[in-house]
Amino acid sequence: MSEKLQATNPLAFTVRHDRRATDKKTVKFRNLLQSDQLEFICEAHNGLSAKICEEAGFKGIWASGLCLSAQFGVRDSNEASWTQLMEMLEFMSDATSIPIMLDGDTGYGNFNNMRRLVTKLEQRDIAAVCIEDKLFPKTNSFIHSREHPLADIDEFCGKIKAAKDAQKCDSFSVVARIESLIAGWGMDEALRRAEAYHAAGADAILIHSAKSKADEVLSFKKEWGDRGPVVIVPTKYYSTPTDVFREHRFSMVIWANHILRSAVSAMQSTARRIQEEECLHSIEDSIASVGEVFRLQGAQELQAAEARYLPVSAQKTRAIVLAAARGSDMGELTADRPKAMITVRNKSLLSHIVDAYNAAGISQLNVVRGYCKDAVDLPNINLVDNDDYADTGELYSLHLALNAVTGKGDTVISYGDVLFRKYILDAVLEADDDFVIAVDAAWRETANRDRSADYVACSMPNTRNAFYRSVTLEKMDNDIESPHIHGEWMGILKVSEAAYERFTAIVREIVHSPQAPGRAADMPHLCNELIRRGHSIRVIYSTGNWLDVDTVEDVVASSSFQ
Ligand code: SPV
Ligand code: MG
């Protein structure tokens with residue numbers, strides 16, 4: 001795994017590895033606490049907001065209890081369990097390279113719970129925890145609940161000591177938050193607690209105030225001096241100029257809830273507008289593009305990784321599925337849907353085909369629909385419409401699809417009513433000839449001359465020798481005399497990237513030709529035409545394990561096709 005891949009892949013995944021000591025998040029956070037200039041960290045509440053904070057330039061993140069609770073839709077009263085918070089923290093940590101301090105409320109229990117919390121935080125690469133001297137379950141400091149009961153000083157000091165003893169990494173930080181000013185116990189009590197928590201081993205003190213002026217925290221800092229780093233949360237006294245905090249030599253400012261609050265306003269306004277206007281015109285340009293979301297998710301890194309790790313054939317190959325026909329032999333089964341959408345074993349034929357392609361690593365699927373086209377509604381496929389399906393043949397559908405295919409690579413063409421096992425596809429993909437078809441050499445087992453089948457005559461039959469030689473197609477036709485039939489085409493044709501342009505031109509020429517069959521041409525006509533023009537079509541023999549679903553009996557048979 002290269003450093004570059006990691007660096008560009010913040011949200012999608014993280015590879016844990018030994019970092020140089022100075023790169024460690026714990027060290028980075030401790031340095032912020034001890035820096036001789038005022039530092040700032042910002043609230044985030046999930047992987048995406050954490051990444052946004054890092055991109056904005058913040059050197060650290062406050063995993064706010066209020067905001068984590070709010071994004072879960074619950075109150076900041078320990079309603080979300082600490083393991084639920086831990087899950088979210090892991091996403092936040094994986095998404096970022098800057099340190100995160102968890103707002104750990106009261107430590108979710110006693111000294112023992114505190115120890116376990118620290119262990120679990122370190123395992124997730126969280127750099128620090130802040131605990132407050134209140135009682136579980138806590139109440140948010142800005143809620144005028146009847147009272148904010150404070151923890152016993154000694155009990156809280158025990159918790160701090162337990163946390164410091166539990167940490168495995170020397171630079172993990174424990175910040176002790178004093179709620180005396182919130183609870184109305186006054187400055188002396190706040191200072192007494194600060195002294196005790198400092199002595200118990202806290203790496204910094206967070207002094208909290210709900211006043212709209214900074215007076216309380218400023219006088220605390222004057223009294224406390226520089227005995228240890230002091231952190232503040234100016235949510236209520238936001239009108240105080242930041243330079244005042246600098247002049248008072250505070251260590252760190254936490255912007256505690258502003259990312260969540262801005263998201264709330266934006267979501268409320270967008271939801272209201274879409275609901276009222278029943279259309280997206282007025283909001284589309286004022287919200288983040290889907291591309292921006294992909295960028296934040298690290299989509300590009302995944303593409304680079306695919307190029308690096310996926311087998312070449314799978315990553316580049318595209319598929320075209322011809323599924324425009326009704327399939328009239330199916331009677332009522334196709335009254336309101338094309339054949340490709342009839343249900344077999346709980347899902348449509350087309351779903352089975354999509355799954356087979358996906359299993360072979362092919363994700364670009366271009367499906368041509370025509371008859372009852374609205375019934376073709378699978379996710380993650382590109383739809384190509386042949387609105388002239390009633391008057392045109394397979395080749396015309398293929399022609400439309402070839403115009404719609406994107407990117408470069410090999411192209412596999414198959415039918416929307418042909419089921420096949422993945423290994424047949426794999427064998428076709430493995431052959432590196434320009435044109436490759438799959439042929440069933442066990443054609444006699446299903447032969448029925450009343451049924452239309454694409455029989456083939458090849459350069460040699462499916463003997464042991466054929467395994468060592470490159471067998472090629474000589475003719476494809478329903479009317480080949482039995483002694484000359486070597487197999488039945490399974491409806492799969494692969495065209496190499498190199499032959500794609502030539503192939504597209506030939507298809508275009510045939511469907512635009514004024515001579516029959518023109519727009520009515522089918523796939524066998526194309527194969528014979530390729531041969532006539534001197535192209536060689538490689539044959540991959542197989543036996544069985546595919547099914548052309550043409551009749552109701554075939555549907556019954558396909559139910560046992562596993
Ligand atoms: C939080 O962000 O959850 C805090 C800070 O604890 S405050 O809401 O100001 O108490
Ligand atoms: Mg909180």
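User: A polar contact is a pair of N or O atoms within 3.5 Å; within protein, one must be able to donate a hydrogen and the other to accept it. In this predicted model, the backbone oxygen of which residue lies 2.6 Å from a polar atom of the side chain of serine 251?

Analyst: Serine 251 is placed in the loop between helix H11 (242-247) and strand E8 (252-255). Leaving aside residues up to four places away in sequence, serine 251 touches Leu32, Leu33, Gln37, Leu38, Glu39, Pro229 and Val230. The backbone oxygen at 2.6 Å from a polar atom of its side chain belongs to leucine 33.

User: Is serine 251 buried or exposed?

Analyst: The term buried applies under 20% relative accessible area. Serine 251 has a relative accessibility of 5%, and therefore counts as buried.

User: Is aspartate 387 buried or exposed?

Analyst: Aspartate 387 belongs to the loop that links strand E13 (382-385) and helix H18 (394-404). A residue is exposed over 50% relative accessible area. Because aspartate 387 has a relative accessible area of 52%, this residue is exposed.

User: With the side chain of which residue does aspartate 387 make a polar contact of 3.1 Å?

Analyst: Along the chain, aspartate 387 and threonine 543 are 156 residues apart, and their C-alpha atoms are separated by 36 Å. At 3.1 Å, the side chain of aspartate 387 is joined by a polar contact to that of lysine 373.

User: Which residue's side chain lies in polar contact with the side chain of lysine 120?

Analyst: Lysine 120 is part of helix H6 (residues 111-123). Not counting residues up to four places away in sequence, lysine 120 touches Trp82 and Met86. Its side chain also makes a polar contact of 3.0 Å with the side chain of glutamine 123.

User: How are H9 and H10 oriented to each other?

Analyst: Two packed helices are described by the angle between their axes and the distance between the axes. For helix H9 (residues 186-200) and helix H10 (residues 215-224), the axes come within 11 Å and cross at roughly 50°. Angles under 35 degrees count as roughly parallel and those from 65 to 115 as roughly perpendicular. H9 and H10 are therefore oblique.

User: How many charged residues does the contact of H9 with H10 have?

Analyst: On the H9 side are Met187, Ala190, Leu191, Ala194, Glu195 and His198, which meet Glu216, Ser219, Phe220, Glu223 and Trp224 of H10. By class, this contact has six nonpolar and two polar residues, while the number of charged residues is three.

User: Is the crossing of H21 and H22 left-handed or right-handed?

Analyst: The axes of helix H21 (residues 500-512) and helix H22 (residues 523-532) come within 11 Å and cross at roughly 120°. H21 and H22 are therefore oblique to each other. H21 contributes Phe503, Ile506, Val507 and Ile510 to the contact, and H22 contributes His525, Leu526, Glu529 and Leu530. The crossing of H21 and H22 is right-handed.

User: Which residue with a positive phi follows H3?

Analyst: Helix H3 (residues 47-56) has the buried residues Gly47, Ser49, Ala50, Lys51 and Cys53. These buried residues pack against strand E1 (39-44), strand E2 (61-63), helix H5 (82-95), helix H12 (258-277) and helix H14 (290-297). After H3, with a positive phi near 110°, comes glycine 57.

Technical notes: Residues numbered from 1 in each chain as written. Chains lettered and ligands numbered in written order. Predicted model: local features only at pLDDT ≥ 70, side-chain atom pairs only at ≥ 80, totals over all residues. Heavy atoms only, no water. Axes fitted to C-alpha atoms, helices over the stretch in contact; angles between N-to-C directions. Helix = DSSP H or I, 4+ residues; strand = E, 2+ residues; numbered from the N terminus. Parallel < 35°, antiparallel > 145°, perpendicular 65-115°, else oblique. Contact = heavy atoms within 4.5 Å. Nonpolar A, V, L, I, M, F, W, Y, C, P; charged D, E, K, R; others polar. Buried < 20%, exposed > 50% of the residue type's maximum accessible area, 1.4 Å probe, protein only. Left-handed = near helix turned anticlockwise from the far one by under 90°.
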